[in-house]
There are 2 protein chains.
Amino acid sequence: MARPKPPTMADVAAAAGVSPMTVSRALRKGTSASSETRAKILKAADELGYVLDSTASGLSSRHSGFVAMTIPSINNTNFADTLRGLSEGLKNTNLDLLLGYTNYDIMEEERLVRSFLRRRPEAIVVTGGNHTEQCHKYLAASGVPVIETWDLPKNPIGSVVGFSNAQAGELMARHLFENGYRKIGFIGGYTQRDTRGYDRRTGFLKALKDLGLDDTRVADTGPPPTSMSAAANALTDLLNRYPDTQAAMCVSDPAAFGAMMECHRRGLSVPGDFAIAGFGADDVSSNSIPPITTIDVGAYMIGSNTAQIIKEALKDETPQACVQNLGCTLTVRASSGKITR
Amino acid sequence: MARPKPPTMADVAAAAGVSPMTVSRALRKGTSASSETRAKILKAADELGYVLDSTASGLSSRHSGFVAMTIPSINNTNFADTLRGLSEGLKNTNLDLLLGYTNYDIMEEERLVRSFLRRRPEAIVVTGGNHTEQCHKYLAASGVPVIETWDLPKNPIGSVVGFSNAQAGELMARHLFENGYRKIGFIGGYTQRDTRGYDRRTGFLKALKDLGLDDTRVADTGPPPTSMSAAANALTDLLNRYPDTQAAMCVSDPAAFGAMMECHRRGLSVPGDFAIAGFGADDVSSNSIPPITTIDVGAYMIGSNTAQIIKEALKDETPQACVQNLGCTLTVRASSGKITR
DNA sequence: TTGAAAGCGGTACCAT
DNA sequence: ATGGTACCGCTTTCAA
């Protein structure tokens, strides 16, 4: 492509009648430069349409000025909240936040992490604690602060801001039990591609077993992200196989909504005939009729705490990795009211 | 921070007993290198934990190897679909896709675009056609292919893959009219922050006026993204001010869902007592009860066509900017069934 | 406050 | 197939 070469600092310097070094200083703040010279330089830069090349400045200064973050999906209230927390937490820094999306695929995550690390981010935030072996190696050897989120990995690479997905599942199982349900199923989370959903399911089923209940009432929803209609189909499947099931936890709130709508279409009232619970404190769970019992994981705080860790790490000579288990809380709503049968 | 300096190509070269130049070639494909040497080099690189510095290689080769994309929100099915289309369309290239999110704020977009352009992307994709003056200047002068999406800007900067949001609004107004509704409102889209939502509203109201109807029945929902509960409140507000309103279009499907739930809570059946329509062909609109009439904008295709344009542009000596109006289609569902009163 | 020189870590180009 | 050299565009460092 024979596109015109963008102007360089030398071009600006020539136009302003100063040395490139002076331009470099004038364009940054906190550096010594007479306001007169600076004005002249800014004018020249503007006229030329000059844009600083951070490829070059990064190479020279050894500061890329950005934080990398991988997210599984960009259609998810939860990750959106985490991103907001992180983004707002980094507002008062000079760090840009660049995102890459993995589509819930750890192979894709590996590719993405590799290409991020080549660009030498100041820190890297990943969603989840399950990575390919190679990806784990990359991160561990990267030399930059690594923060794993939304999970509690067994072998943390660096810092962690998360919660136990298994515990979230357990929490919900016990809630349904306490409300009188005994024949309880789980919808979604089969595939190991979404490790966090899988962990929730595992924790949920283990709790059922510990409570002496049947832990085989499971319906799959295909690969994540779980669509509402996939969850609706899974509910049908569950009821076909276990017609006496009284309640189900779904891997996410949108899934729970999909399943609940299927209940309604089948003439089952919720929770009168069938109780539903979700995960994630999504907008849809508080607005649906009935509102859906869910688990709130403090997604925003995951982000803001992560920002804090990054800022500390970049300040410190020898940053300490820290592991934060933020826990999660049950939000009880009408969809899982006490059993009446 | 006194972090250890990562190994460089020279380190790998020394370890493998070859010149840096040979390492450079061995690490790329499609270059001449004996398989024996290459193996030796790869081994050395792996042992040292070497990761190519694309800051440096980009500076030298003048190829950053990434496409930048700005998105307003990462909690939105529509943008997620566009991203998937773009991402899959770029799979067979060596281009990474890096995302930045603007939170529906064109000032934030300006900052983001500036920092993206400093990193010299191979192309830049922006959502929307409304930018700050400065941002427009940056993009126009960037020298890289610019693709504006999800809109039909009056002064395109480069290529465009979008549709007319105003036309989408008009389409829906005419549909409601044809189904017998005469007292019709609009929920959301007040703020100019979300230009696309604003355009839909403007087109909708203009069509009402052209049809000889009252075009003042508007309820605001605050800044985007419009939450379900904000839309529910707006519905209440609309009915308080115009109790005889028969139908409303909402700025998005989640908003429509929120408004519809509010109808149900107030004992209004949909569409019997009040008709609802949305925008965006979101999952929630096809799964809710009743399903919601919406407008499908072919979000995935916006992404895949954009990928195509990028590939063409990077191949060509003199890339041609192209403007694609993909249009949008009405999807009629039960929530806006023919008026019965 | 300003400038000159050196180099950040790679690749293009030209030799061998 | 491999190596040497210049240089990408900027900042660091040192000197004036």
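I began with the interface: 100% of the interface residues of chain A are also interface residues in chain B, so the copies meet through the same surface. Contact here means heavy atoms within 4.5 Å. I note that this is a predicted model, in which local features need pLDDT of at least 70, side-chain atom pairs count only at pLDDT 80 or more, and totals for chains, interfaces and linings use all residues. Residues are numbered from 1 along each chain as its sequence is written, chains are lettered from A and ligands numbered from 1 in the order in which they are written, and side-chain values use heavy atoms, with hydrogens and water left out.

I next looked up the relation of the copies.

I then turned to the domains of chain A. Chain A is divided into domain 1 (1-50) and domain 2 (165-297 + 330-336), with bounds from an automatic or database domain assignment. The C-alpha centres of domain 1 and domain 2 of chain A lie 60 Å apart.

I went on to helix packing in chain A. Helices are DSSP runs (H or I, at least four residues), numbered from the N terminus. The axes of α1(A) (residues 9-16) and α3(A) (residues 35-48) come within 9 Å and cross at roughly 120°. That makes α1(A) oblique to α3(A); angles under 35 degrees count as roughly parallel, over 145 as roughly antiparallel, 65 to 115 as roughly perpendicular and the rest as oblique. Axes are lines fitted to C-alpha atoms, for helices over the stretch in contact, and angles run from 0 to 180 degrees between N-to-C directions. From α1(A), A:D11, A:V12, A:A15 and A:A16 meet A:K40, A:I41, A:A44, A:A45 and A:L48 of α3(A). I find seven nonpolar, no polar and two charged residues in the contact of α1(A) with α3(A).

Helices α8(B) (residues 165-178) and α9(B) (residues 195-210) pack at about 40°, with their axes 6 Å apart. This angle makes α8(B) oblique to α9(B). Helices α10(B) (residues 228-241) and α11(B) (residues 253-265) pack at about 50°, with their axes 7 Å apart. I therefore record α10(B) as oblique to α11(B).

Conventions. Helix = DSSP H or I, 4+ residues; strand = E, 2+ residues; numbered from the N terminus. Nonpolar A, V, L, I, M, F, W, Y, C, P; charged D, E, K, R; others polar.
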